[in-house]
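Hi,

Here is the structure I promised to pass on. Please have a look, and my notes follow below.

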Amino acid sequence: MTAPLARTVTKAFAERCHEPPAYVVRAPGRVNLIGEHTDYNDGFVLPMAIDRAVFIALRPLADRRVVVRSLDFNEDGEFALDALPPKNGSWLDYVVGVAWSLTDAGNALQGWEGVIAGDVPVGAGLSSSAAFELAVARAFATVSDLPWHPATMAKLCQRAENKWVGVNCGIMDQMISAAGKAGSALLIDCRSLATQPASLPPGTRVVILDTATRRGLVDSAYNERRAQCEATARFFGVKALRDVSFERFEAEAGKLDEVTRRRARHVVTENERTLRAVAALQHGDAATLGKLMNESHVSLRDDFQVSTRELDAMVTCGQSDPACYGIRMTGAGFGGCAVALVKADEAQRFADEVARRYQTTTGLTPHVYICTATDGAGLV
């Protein structure tokens with residue numbers, strides 16, 4: 001899917017600029033296998049970078065302008081690095097925000113001209129915005145001769161999304177887009193940003209099932225849950241819920257109101273599930289990983305309450321198929337995608353059959369992607 005896209009931006013750049021690009025960069029989207037709503041609680045996540053990405057064909061400019069063409073939006077954008085424009089609610093905010101964050105951190109940036117396109121579905125919970133940000137950061141780093149430290153760049157892109165764009169995301173999306181490893185999921189400690197690759201079990205494939213429903217991360221429900229988690233951490237007297245063991249939670253949870261107790265229980269148990277999932281991967285144990293994924297969905301549905309009727313329907317359709325080890329909603333919730341671990345030799349049949357069942361159940365036409373784990377942001 002992505003190789004044709006690299007050719008597309010290269011061709012569009014040549015037509016626009018009358019010469020081939022000096023560089024082509026890419027940054028991938030991601031799917032999270034397990035560890036949901038744990039990242040902003042300083043916890044553990046287990047995403048993988050996927051073979052859907054944002055590409056930029058570009059050349060450096062002698063002056064300090066950034067001139068970009070978005071093929072996806074069929075729009076042009078331009079700004080001066082010495083006079084950043086205010087946020088206006090467009091895709092260009094992400095380019096300006098990354099420039100602001102990199103400059104604010106003390107980096108001397110050079111201008112560039114480029115053509116941007118991506119095939120990460122927007123609003124599906126597959127981190128299209130993080131892929132966009134990391135591709136832009138990789139472009140700036142390439143023309144400005146900046147060292148590429150994945151964790152540093154991930155934090156700067158997260159800051160751009162938090163402070164400039166205004167979306168209060170955690171670090172997972174930018175981190176996996178920056179640091180993904182081909183063939184592996186990546187355990188990320190969202191406090192230290194330490195990473196540990198974990199190969200997928202032999203004979204398995206990851207299938208992403210897009211419910212064809214969309215949500216916005218700026219929605220009040222997401223921010224409400226963050227606030228609930230932060231308040232519960234204060235109740236326990238810790239920096240973040242990552243610091244609360246299941247035993248302590250069980251001993252003291254009775255002092256919390258029911259809703260707050262449910263939210264905290266999800267985060268505490270999800271961190272434990274994520275660490276157990278890594279152990280399962282280390283033993284090539286697809287069955288245990290699948291069981292943990294199923295349990296994660298129940299917790300997200302019942303305790304964190306971020307699933308939807310459509311996500312639950314997709315999970316039910318997937319669980320009924322014998323090729324499926326486990327399936328769960330993935331991403332922030334309130335719409336978007338489910339992720340399944342399935343037998344590799346039945347992945348296409350599984351995808352077709354579950355899509356058919358889901359459409360019969362809901363009347364919606366899903367999009368299904370059989371994915372490969374890829375490397376993080378880099379030069380093509």
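The 41 positive and 45 negative charges of the chain have mean positions 2 Å apart. Here Lys and Arg count as positive and Asp and Glu as negative, with His and the chain ends not counted; each charge is placed at NZ of Lys, CZ of Arg, CG of Asp or CD of Glu.

A word on the basis: this is a predicted model, where local features need pLDDT of at least 70, side-chain atom pairs count only at pLDDT 80 or more, and totals for chains, interfaces and linings use all residues. Residues are numbered from 1 along each chain as its sequence is written, and side-chain values use heavy atoms, leaving out hydrogens and water.

On overall form, the chain has a radius of gyration of 21 Å, which agrees with the value near 21 Å for a compact globule of 380 residues (taken over C-alpha atoms; the rule is 2.2 Å times the number of residues to the power 0.38). The C-alpha trace spans about 60 × 50 × 40 Å along its principal axes. Buried residues (under 20% relative accessible area, 1.4 Å probe, protein chains only) make up 59% of the 380.

Best wishes

Definitions and conventions
Buried means under 20% relative accessible area, exposed over 50%, partly exposed in between (1.4 Å probe, protein chains only).
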